[in-house]
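I set out to record, entry by entry, what I looked up in this structure.

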Amino acid sequence: MSLNPRETLDTMLGLLGFACEIKEIQHEHGLTLQVYTADKDRLIGRNGAVLEDLQLLLNRTLQAKDKNAPKVQVDIEHWREMKDDALAHRVRQIAEIVRQTGRPYHLEPMNAYERRIVHNAFKDDPEVMTWSPPDDSRIKRITLRKRQSAQPEQ
């Protein structure tokens, strides 16, 4: 028997002393639980650290009961969504510099989730590509570079 993700998160937060409203949002990547609370800053934590821990605990709890349980993303009042949009916007601005100068740009080290956002932002870009080193480190740097065109410029 699998657990209900929303009810599980609601119970976890209640036991921690948070009064919340939680909305389920289904999208192509799976389920996001959007949390609304008066204590949003405490639940997000510094740079999203508490939010990340909360999401990890929820997913571990769900997968302990059902090892095939899909991963659930937790967001607090759209904080993660806005942070992701800001990252994609900033990287697109940097890509404009790469387009104009032709020089590669090394981004700051990022975790796997952030790298996925960056790679997805450029997967269909005809001029700029992303590259990550193949090593096994958890935090890696991405390089933006100009794609080699199939036709020589005239």
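**Entry 1: rings and charges**

I note here that the model is predicted.

I then looked for charges placed over rings. The charged end of lysine 23 sits over the ring of tyrosine 36, 5.4 Å from the ring centre. I also found arginine 80 over the face of tyrosine 113, with 5.7 Å to the centre of the ring. Both distances can be read against the cut-off of 6 Å from NZ of Lys or CZ of Arg to the ring centre.

**Entry 2: nonpolar cores**

I asked which residues have the most contacts inside the largest nonpolar core. They are Leu9, Leu13, Val35 and Leu58, in a core of 18 residues. I listed the elements that give two or more residues to this core: α1 (5-15), β2 (30-37), α2 (40-44), α3 (49-65) and β3 (72-76). Of these, α3 gives the most, with four residues.

I took leucine 9 for a closer look. Leaving aside residues up to four places away in sequence, leucine 9 touches Ile22, Leu33, Val35, Leu54, Leu58 and Val74. Another core, of 14 residues, lies apart from the largest one; I noted Leu87, Ile94, Ile142 and Leu144 among its members. As background, nonpolar side chains tend to be buried together in soluble globular proteins.

**Entry 3: asparagine 47**

I located asparagine 47 in the loop between α2 and α3. Is asparagine 47 buried or exposed? I classed asparagine 47 as exposed because its relative accessible area is 68%, and the class begins over 50%. I also checked its separation from lysine 83, which is 36 residues apart from asparagine 47 along the chain: the two C-alpha atoms are separated by 9.9 Å.

**Entry 4: the sheet β1-β2-β3**

I traced an open sheet of three strands in the order β1-β2-β3, with mixed pairing. Why is one side of β1 and of β3 left without a neighbour in the sheet? Strands β1 (20-27) and β3 stand at the edges and each has a single partner strand, so one side of each has no neighbour there. From one strand to the next, the twist averages 25 degrees.

I examined the pairing of β1 with β2, which is antiparallel and runs over eight bridges. Tyrosine 36 in β2 is the bridge partner of glutamate 21. Tyrosine 36 is also the residue whose ring lies under the charged end of lysine 23.

I then turned to the helices on this sheet. Helix α1 lies across β1, β2 and β3, and runs at about 150 degrees to β1. Helix α4 (residues 79-101) also packs on the sheet, where it touches β2 and β3; its direction makes about 95 degrees with that of β3.

**Entry 5: the sheet β4-β6-β5**

I traced a further open sheet of three strands, ordered β4-β6-β5, with antiparallel pairing. Its edge strands are β4 (105-106) and β5 (128-131), each of which pairs on one side only. Between β4 and β6 (residues 143-146) I counted two bridges in the antiparallel sense. Opposite histidine 106 stands threonine 143 in β6.

How values were computed
Residues are numbered from 1 along each chain as its sequence is written. This is a predicted model: local features need pLDDT of at least 70, side-chain atom pairs count only at pLDDT 80 or more; totals for chains, interfaces and linings use all residues. Side-chain values use heavy atoms; hydrogens and water are left out. A charge sits over a ring if NZ of Lys or CZ of Arg is within 6 Å of the ring centre and within 35 degrees of the ring normal. A nonpolar core is a set of buried Ala, Val, Leu, Ile, Met, Phe, Trp, Tyr and Cys residues joined through side-chain atoms within 4.5 Å. Buried means under 20% relative accessible area, exposed over 50%, partly exposed in between (1.4 Å probe, protein chains only). Contact means heavy atoms within 4.5 Å. Two strands pair if DSSP finds at least two bridges between them. Axes are lines fitted to C-alpha atoms, for helices over the stretch in contact, and angles run from 0 to 180 degrees between N-to-C directions.
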